[in-house]
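The sequence and the model are shown first, and the description follows.

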Amino acid sequence: MMTRLYSSTVLGVDGVEVEVEVDFRPMAEKRTFIVGLPDAAVKESGQRVDTAIQNSGLPFQQGVFVVNLAPADLRKQGPGFDLPIALGMVAGAAERDMDASSWCIVGELALDGAVRPVQGILPQIMEARRMGRKRIMLPRANAHEGTPVQGVEIYPVASLKEAWALLTSSVLPPPFTASGREDREAEDKEAAVDFDEIKGQPYARRAMEIAAAGGHNILLCGSPGSGKSMLAQRLPTILPPLNPEEALETSKIHSVCGLLKRGNGLVARRPFRAPHHTISDAGLMGGGANITPGEVSLAHNGVLFLDELPEFRRAALETLRQPLESGQVVISRASGTMTFPCRFMLAAAMNPCPCGYLGDRRRTCTCPPAQVARYRRKISGPLLDRFDLLMEVPAVDPSILASGECSAGIRERVMAARQLQCSRYAGTPFRSNAALSGKALQRHCRLLPESRAILLRAVEELALSARAYDRILKVARTIADLEGSPDIQDSHLYEAVQYRAFEHSLRE
């Protein structure tokens with residue numbers, strides 16, 4: 001007797017439907033064969049499933065079970081096939097013919113029959129809906145992850161016995177619905193930082209506002225204690241909230257990595273990722289035996305903060321160059337090639353020298369010039385070109401420790417500027433000024449001849465690259481948007497050039 005059920009797995013950050021066929025032949029001995037390119041975790045499911053069925057008191061017979069996971073050319077990984085395999089084996093042993101074509105079933109089994117949570121539920125449910133499966137059976141701990149997907153009914157289960165009763169029931173209970181607690185409100189309460197905690201630093205605060213308004217990458221350079229990390233950590237608090245499409249994109253990645261908090265169906269706030277400088281290439285970009293997203297993808301639609309930038313390995317930093325331009329990272333391994341999205345704002349901080357006190361008015365730098373040059377050369381010219389704003393953050397004067405504006409006030413101006421960009425770039429692939437390129441950059445950042453002469457003179461005097469020229473234009477466009485100006489004025493251009501002037505000293 002053969003039973004056919006439907007499950008799914010994750011390929012990259014997308015779900016892929018898997019057909020689970022279970023054939024049972026009564027015999028004197030018990031044997032289970034799992035075919036369809038399973039990995040070690042899937043092959044081991046035979047022992048888990050046998051024990052779970054018997055400990056759950058469900059129908060069980062001696063015989064040969066052949067489990068086929070289709071399509072056969074797709075590598076199956078993870079324990080999420082335990083539950084559909086077990087239900088197929090129980091149906092075969094009970095000689096129960098059933099139609100499960102409307103179900104997508106996912107879950108790992110414990111030896112006592114309990115259903116354990118799995119990673120990547122959100123993209124799997126989205127794939128199930130695309131394939132026409134109207135009902136989703138999943139672990140109870142994963143129930144909230146499925147609530148953002150409209151058009152499907154979520155049925156969480158806690159045990160194999162409960163799953164069998166649900167699958168064979170003629171009258172289904174009401175599907176799961178999220179509680180009244182709002183995920184966004186719950187996550188907003190965790191945002192315990194605010195820009196009004198920054199003392200002084202009016203120019204750095206202005207640079208952070210411009211970066212947020214246009215989605216620009218920013219590099220902060222200053223002595224220890226000047227507030228570089230505090231500024232970067234508060235950058236997400238002035239960014240616009242995630243729209244539904246961005247929230248779904250971000251949540252898919254976090255679901256695949258098992259980072260969605262229990263009780264939350266979607267990531268409600270923009271991600272802020274701050275990896276340590278000892279991170280590996282695979283940890284930063286993604287990879288591993290089973291290719292998974294790295295920090296650049298976990299920061300998708302949010303902020304990636306690299307503190308102590310020169311301390312990162314040069315090779316790891318250079319791998320950032322292509323993703324920063326394309327908004328995606330391609331990981332190629334012998335097992336396959338995966339493409340992950342990674343549109344993020346890059347914020348970085350560094351000291352001006354190894355001791356950190358070069359240019360400090362109160363402390364003396366002890367670094368020889370050659371050592372300072374070696375330290376700064378750790379940041380390559382092409383990587384510096386990827387930053388739109390380079391800001392020197394001086395030490396805070398204790399006599400002027402006045403607090404500045406709160407995040408809410410800054411966010412209002414940022415959102416107004418972003419709304420202008422949204423209207424301007426409607427129908428194009430661009431989401432912000434920082435993403436502009438090619439003819440779109442020329443069309444939306446048009447300068448008068450006099451203004452162009454100013455910019456060309458600045459580029460020549462500061463020895464900037466053609467890429468830096470474009471980035472000055474984008475920043476000037478953002479400054480104009482913050483002021484509500486339809487055109488880029490000379491004052492906007494002068495301010496934008498100031499945010500590149502510090503690059504010259506970093507290259508010395």
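## Helix H3

The buried residues of H3 are Asp82, Leu83, Pro84, Ile85, Ala86, Leu87, Gly88, Met89, Val90, Ala91, Gly92 and Ala93. Here buried means under 20% relative accessible area, exposed means over 50%, and partly exposed lies in between, with a 1.4 Å probe and protein chains only. Helices (H or I, at least four residues) and strands (E, at least two) are DSSP runs, numbered from the N terminus. Since 12 of the 12 residues of H3 are buried, the helix is largely enclosed by the rest of the structure.

## Model and overall form

This is a predicted model, in which local features need pLDDT of at least 70 and side-chain atom pairs count only at pLDDT 80 or more, while totals for chains, interfaces and linings use all residues. Residues are numbered from 1 along each chain as its sequence is written, and side-chain values use heavy atoms, with hydrogens and water left out.

The chain contains 20 helices and 18 strands. Its C-alpha trace spans about 85 × 45 × 45 Å along the principal axes. Of its 508 residues, 53% count as buried. Contact means heavy atoms within 4.5 Å. Among contacts between residues at least 6 apart in sequence, 74% join residues at least 24 apart.

In the loop between strand E4 (63-70) and H3 lies Pro71. The peptide bond from Ala70 to Pro71 is cis, with omega near 5°. Glu95 belongs to the loop between H3 and strand E5 (103-105), and it counts as exposed at 58% relative accessibility.

Asn301 is a residue other than glycine with a positive phi, near 65°. It sits in the loop between helix H11 (295-298) and strand E14 (303-306). At 7% relative accessibility, Asn301 counts as buried.

## A loop proline

Pro394 is found in the loop between strand E18 (389-393) and H16. With 41% relative accessibility, Pro394 counts as partly exposed. Leaving out residues up to four places away in sequence, Pro394 touches Gln201 and Ser226. Ser226 is 168 residues from Pro394 along the chain, yet their C-alpha atoms are separated by 6.1 Å.

## Nonpolar cores

A nonpolar core is a set of buried Ala, Val, Leu, Ile, Met, Phe, Trp, Tyr and Cys residues joined through side-chain atoms within 4.5 Å. The largest one has 52 residues, and those with the most contacts inside it are Ile218, Leu235, Leu389, Leu455 and Tyr499. H19 gives the largest share of this core, eight residues. Apart from this core lies another, of 37 residues, among them Leu284, Leu324, Phe340 and Met350.

What does Leu235 contact, leaving aside its neighbours within four places in sequence? Its partners are Phe195, Met208, Ala212, Val303, Met345 and Ala347.

## Pocket and cavity

Grid points are joined across faces, edges and corners, and a volume is the space filled by probe spheres set on the points.

The largest pocket holds about 1200 Å³ of space. Its lining has 44 residues, of which Arg343, Phe430, Arg431, Ser432 and Ala435 lie nearest the centre. H16 supplies the largest share of this lining, five residues. The structure also holds one cavity of 30 Å³ or more. The largest cavity is lined by Cys104, Val106, Ile121, Gln124, Ile125, Ile136, Met137 and Leu138. Helix H4 (121-130) and strand E8 (135-139) each give two or more residues to that lining.

Terms used: On a 1 Å grid over the protein atoms alone, a cavity is a set of points where a 1.4 Å probe fits but cannot get out, and a pocket is an open set with protein on both sides within 12 Å along at least five of seven lines; lining residues have an atom within 4 Å of a point.
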